[in-house]
Amino acid sequence: MTVAAAPSRVAWGAPSVWGVVWLGLLAATMLLAIDRSLLPWASDYPATHIVPIAEWTSALMAFIKTHFTWITRLYTDVLSVPLDFAFGLLSKGFKLFGGGIVLPRFSWVGVTLVAAITGYALGGSRLAALAGACFLYIALFGQWESAMRTLALIAISVPLCILVGGAFGILAYRKPAFDKLVVTPALDLMQTMPTFAYLIPMLLLFGNSPVSAMIATAIFATPPMVRATTLALARVPAEIDDFGEMVGCTKRQKLWRVLMPSARPTLM
């Protein structure tokens, strides 16, 4: 027969050190809220000690705009070539010999059929029906022009993001210290800032053109590419990596002939 133990009394000992500290901070905060003149420097941060990061950033942007605009304009001219070609195919058409000959853009019927055929090749009849219906929906509601401009922008910016993101992802995989100290903090900052935050410096450096929007979009879309590449390579089983070493592959051969094919499902 067991006898139930009597409920023990809670022992209230002396307050802990952290409890005293928190009570002191709470009391000090209440005093400052009542009378800020007690500690003026604690109520309002001294303006003389504020780091003028805004002024430094403005000065840096002005310096770059004054002395290095020719470099950014060169990039604008280079990137404008494939972007104008994509706009011509999907949105504007082509004007040859000073406008004497005009080649029309792709028709909405052709683009819709291409989307449906691509969907069928990649995912069967269901994906084909979904892709064709989406493009048909855009045409029916009168948004074809803006949609084709967006598609042209994506068609050029996505390969650019893949190249840049894949290069930095491979570098981060090979150099863990560089990934931890440089790549990861930079990616966190890039993904925290909204897309429109990149537009103002892009407009100053690359001018008021679609190239500025494309570069801003590429900056915002590159971090997922970097993270996906690093994660895909890290998930390759160690046995496959060891197999590449056993057959005598160089680092380049092991990367492109062993690791990248094994990481393709995660990359896709």
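What follows is a short report on the overall fold and on one helix.

## About the model

This is a predicted model, in which local features need pLDDT of at least 70 and side-chain atom pairs count only at pLDDT 80 or more, while totals for chains, interfaces and linings use all residues. Residues are numbered from 1 along each chain as its sequence is written, and side-chain values use heavy atoms, leaving out hydrogens and water.

## The whole protein

The protein has 13 helices and two strands; these are DSSP runs, with helices being H or I of at least four residues and strands E of at least two, numbered from the N terminus. Of its 268 residues, 24% count as buried, that is, under 20% relative accessible area with a 1.4 Å probe and protein chains only.

Among contacts (heavy atoms within 4.5 Å) between residues at least 6 apart in sequence, 60% join residues at least 24 apart.

## Helix α5

Helix α5 covers residues 108–123, and its 16 residues should span 22 Å at 1.5 Å a residue, taking 1.5 Å times one less than the number of residues. Its end C-alpha atoms are 22 Å apart, which agrees. After α5 comes G124, with a positive phi near 90°.

Which residues of α5 are buried? They are V111, T112, A115, A116 and G119. Seen down the helix axis, these buried residues fall within an arc of 135°, so they line one face of α5; the arc is taken from the directions from the axis to the C-beta atoms. Their cover includes α4 (69–92), α6 (125–140) and α7 (144–174).

The face turned away from that buried side carries L113, V114, I117, Y120 and A121, which are exposed (over 50% relative accessible area).
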